[in-house]
Amino acid sequence: MKKALYLILLTVLLLLLAACGTGTTAGDSEATTDTPTNAASEEMAPDATDEPAETAEPKDSAGAKTETLENIHVPVRDYYICAAQYDTQMCPEVNEPLTFLTLSVDEIDMDAIQVDLACQTDMLVQISEADLTLEQYAMNGNLYLCYQDMDWDYVAENWDEEKDESEQSEQLLACLHAYDEAYAERKEAGALDWPYHVYEVQVYVGQNELYDQALVFYDETVTAATFSWPGVMETIDLGELRLSDTSPELTDRWPRDFDALGYSTSGHQLLVRRTLTKEIELDTPLFETLYTEMDIKLTGCFLLEGYENGTEITALRLVLTNLEDENDVTDMIWDGKSPVYVDAGYEIAIYPTLYNPTFAQLIQDGMMVTMLEYECQGETYYDYCTNSLYWMYDYQNLLAAYLDGVDVLSMYDCYYNLTQ
């Protein structure tokens, strides 16, 4: 009798141990236990071992799968730090902030986020949280199709480039619009809202808490950034960011009392929100507003050596508009070298086509310095502007790819870029 009772108790104990033997998942509180390496040194596709956002269903001939209406957000990791790769210089005169996005399933105390570039140069860190309830961050229909494992290769193979979308074959249109009703229903019900958090971390290099102090740089190279908050410490590769305490000769060649060119700002940010291709033809001018107050001769437009960050100018469109007669417009292709004479009283707009392999990635930062060379009264002068091509507004793509593990790039490579 005692032996039988002993065997029964032993069996119960083994069953209890088996039932308790579970591991840490993406939703558990131990955020760092099973979180993959951030791998910010390259554009990372969702790992093949990651669980899909939804259980895959059999697909039909058009690449669609059976639709269900549960919430589609199923995170494959707890957080991801978006950090671009740099190959550029920074100095007191050319000093754009470094922008990082921290994507997180759980809320993070912003005061607890620490960033260390392991350099002597002072820096100022500013952190804010994005409001993902804004309509500009709402999931669009194409991204929703990515969550449905849309076969974008099928779309590309059957797309007729000579026709508009409404003129495509019935089978292709049926494929692209198979989920319209479910998408509208889910969006209305709030099932597509992002249950995550996005923290925008801006690091101003060469600045401290006293803004009125002169910037202090040291000659050094930054190759990584270490992020930490309670329970997390991670070092992210940044490529090579060369800091210098010596500024290139920029404004020294343009005396302050010389007024050949007027301008509203000497530079501005160029924001590329959706295009993900290696070559981008911008519809925003490099120099926000330039106008001639004297007769000049344009002699060059180029990226400052060492500050290109891997970007090349492959084409330039030059538009000259008479400030007194808006019908007097010259719209031309310029090689950036041949002299172009511009009379006083004209607005100058330069639209570049830029090439950079990182532009085709979800994580990018095309910081660069553009030089405009011109002659006036026999002397050569330069104007310049600093520009950054940010990805910060594509929160929805980043959240889908790096928290939900959804393939987003295929949509751009096989469909979106094809239709533009």
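Visitor: Are Y412 and Y416 buried or exposed?

Guide: Both Y412 and Y416 are buried, where buried means under 20% relative accessible area, exposed means over 50%, and partly exposed is in between (1.4 Å probe, protein chains only). Before going on, a word on the ground rules: this is a predicted model, so local features need pLDDT of at least 70 and side-chain atom pairs count only at pLDDT 80 or more, while totals for chains, interfaces and linings use all residues. Residues are numbered from 1 along each chain as its sequence is written, and side-chain values use heavy atoms, with hydrogens and water left out.

Back to your tyrosines. Y412 and Y416 sit in helix α7 (residues 409-419), four residues apart, about one turn of the helix. Helices (H or I, at least four residues) and strands (E, at least two) are DSSP runs, numbered from the N terminus. Rings of Phe, Tyr and Trp (its six-membered ring) pair if their centres lie within 6.5 Å; planes under 30 degrees apart are stacked, over 60 edge-to-face, and the rest tilted. By that rule there are ten aromatic pairs. One of them is F100 with F227, edge-to-face at 5.1 Å between centres and 80 degrees between planes. F100 belongs to strand β3 (residues 98-104) and F227 to strand β7 (residues 220-229), so this pair ties together parts 127 residues apart in sequence. F100 and F227 are both buried. As for Y412 and Y416, their ring centres are 5.4 Å apart with the planes at 65 degrees, so that pair is edge-to-face. Elsewhere, ring pairs link Y144, Y179 and Y183 into a cluster.

Now the charges. A salt bridge here is a side-chain nitrogen of Lys or Arg within 4 Å of a carboxyl oxygen of Asp or Glu, and the count comes to six. Among them is D331 with R317, whose closest N and O atoms are 2.8 Å apart. D331 is in strand β15 (residues 325-334) and R317 in strand β14 (residues 312-322), so the pair ties together parts 14 residues apart in sequence. D331 is partly exposed at 46%, and R317 is partly exposed at 31%. R317 also lies over the face of Y351, 4.8 Å from the ring centre; that label needs NZ of Lys or CZ of Arg within 6 Å of the ring centre and within 35 degrees of the ring normal.

Another salt bridge joins K297 and E375, at 3.2 Å from N to O. K297 is buried at 19%, whereas E375 is partly exposed at 26%.
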